[in-house]
Amino acid sequence: MKATQPVKVIGVASGVGAQDRGCEDGPSILRELEVFRGADVTAVWGGVLRPKAGAGSAVSVDAELCTRLAKQVRHTLDEGRFPLVVGGDHSCAIGTWSGVHRWLDGRGPLGLIWIDAHMDSHTFATTPSGALHGMPLAALMGYGEHELTELVEHVPKLKPEHVCLLGVRSFEEGEAALLHRLGVRVIGMQEIRARGLAEVLAEAMSIARNGTAGFGVSLDLDVLDPAEEPGVGSPAPGGLHCHELEQALHQLHGDPALLAMEIVEYNPHRDRDHLTARAAGALFRAVL
Ligand SMILES: NC(=[NH2+])NCCC[C@H](N)C(=O)O
């Protein structure tokens with residue numbers, strides 16, 4: 001985003017893709033607490049999207065919701081504003097990045113840094129839970145249900161060589177095998193501890209920028225340590241400290257190649273003293 005670019009927040013009040021649906025109440029609490037208000041950025045809330053009841057299977061409900069989200073994201077970029085998508089469960093990523101891809105309109109590939117405790121790279125052939133928030137990254141690369149892989153445009157939205165995962169520590173065999181087969185770079189917690197967060201984030205940025213027309217950041221709050229930030233639906237012990245991630249994310253500050261950001265999986269019902277809500281705000285401000 002450019003230094004003076006106005007930010008528009010798009011809420012996605014949905015837990016249809018999660019096992020614990022409490023994250024559907026995330027956007028309203030984050031909005032109420034005004035966590036995205038900062039000294040030099042004014043994040044204006046646009047709409048808050050909700051799933052339509054009775055639209056069929058979870059896949060169909062999610063696909064319809066993500067289609068609306070993609071339109072809003074594209075429209076926001078058309079207006080010259082920076083989209084901050086606030087979940088809701090992580091399956092909204094299919095909508096966010098399909099919208100950015102559509103906006104790019106063939107100007108070049110899209111890069112993505114996926115900051116998450118999980119890989120979210122299952123399909124129905126490998127998922128242990130059936131939950132759609134365990135599948136968005138696979139769908140964006142063209143694997144999974146075609147309602148999701150063919151959202152907005154009938155092409156994969158991401159090429160594996162432009163994707164980097166950061167913070168991974170909880171995954172299953174099937175999704176790990178897919179990422180391995182595709183050659184996607186996965187940076188787990190062990191490697192982060194060995195090399196330092198600043199260095200691995202710099203690597204992730206170079207993967208996401210190399211040969212692309214721009215890139216995005218998809219931030220799942222469960223990458224943080226749940227002992228410190230408990231407000232997420234799929235906690236995985238051994239995560240990042242908020243302040244270290246905040247510091248590292250300063251590398252992205254004012255980067256004109258950064259096209260959009262999403263912050264997902266805030267579950268207010270599991271939070272303590274708004275710790276996780278405030279972390280979401282701090283991480284947003286670090287980037288913008
Ligand atoms: N976005 C998330 N919180 N994903 C958690 C996924 C957990 C597990 N791998 C599953 O597929 O069920």
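**A tutorial on helices, sheet and ligand shell**

Tutor: Helices α9 and α10 (residues 275-287) pack with their axes 8 Å apart, at an angle of about 20°. Axes here are lines fitted to C-alpha atoms, for helices over the stretch in contact, and angles run from 0 to 180 degrees between N-to-C directions. Helices (H or I, at least four residues) and strands (E, at least two) are DSSP runs, numbered from the N terminus. This is a predicted model, in which local features need pLDDT of at least 70, side-chain atom pairs count only at pLDDT 80 or more, and totals for chains, interfaces and linings use all residues. Residues are numbered from 1 along each chain as its sequence is written.

Student: Are α9 and α10 roughly parallel or oblique to each other?

Tutor: At that angle, α9 and α10 are therefore roughly parallel. Angles under 35 degrees count as roughly parallel, over 145 as roughly antiparallel, 65 to 115 as roughly perpendicular and the rest as oblique.

Student: Which residues make that contact?

Tutor: From α9 come Cys242, Leu245, Glu246 and Leu249, and from α10 come Ala279, Ala282, Leu283, Ala286 and Val287. Two residues are in contact if their C-beta atoms, placed from the backbone, lie within 7 Å. The contact of α9 with α10 has 8 nonpolar, no polar and 1 charged residues. In this scheme Ala, Val, Leu, Ile, Met, Phe, Trp, Tyr, Cys and Pro count as nonpolar, Asp, Glu, Lys and Arg as charged, and the others, Gly among them, as polar.

Student: And how does α8 meet α9?

Tutor: The axes of α8 (residues 197-209) and α9 (residues 242-249) come within 9 Å and cross at roughly 45°. That makes α8 oblique to α9. Leu197, Ala198 and Leu201 in α8 meet Glu244, Leu245 and Ala248 in α9.

Student: What does α8 lie across?

Tutor: Helix α8 lies across β4 (110-115), β5 (163-168), β6 and β7 (214-220), and runs at about 155° to β4.

Student: Switching to the sheet, what is its strand order?

Tutor: The open sheet has 8 strands in the order β2-β1-β3-β8-β7-β4-β5-β6, with parallel pairing. Two strands pair if DSSP finds at least two bridges between them. The edge strands, β2 (43-49) and β6 (185-188), each pair on one side only. From one strand to the next, the twist averages 15°.

Student: How many bridges link β1 and β3?

Tutor: Strand β1 (residues 7-12) pairs with strand β3 (residues 82-87) over 6 bridges, in the parallel sense. Within this pairing, Val9 has Leu84 of β3 as its bridge partner.

Student: Where is the cis peptide bond?

Tutor: A cis peptide bond joins Gly87 and Gly88, with omega about 15°. Gly88 is found in the loop between β3 and α3 (93-104).

Student: What about the phi of Val152?

Tutor: Val152 has a positive phi of about 65°, although it is not a glycine. Val152 lies in the loop between α5 (146-149) and β5.

Student: Last topic: which residues come nearest the ligand?

Tutor: Of the 15 residues around the ligand, His90, Ser129, His133, Gly134 and Ser234 come nearest. A residue is near a molecule or strand if its C-beta atom, placed from the backbone, lies within 6 Å of it. The shell around the ligand has 2 nonpolar, 8 polar and 5 charged residues.
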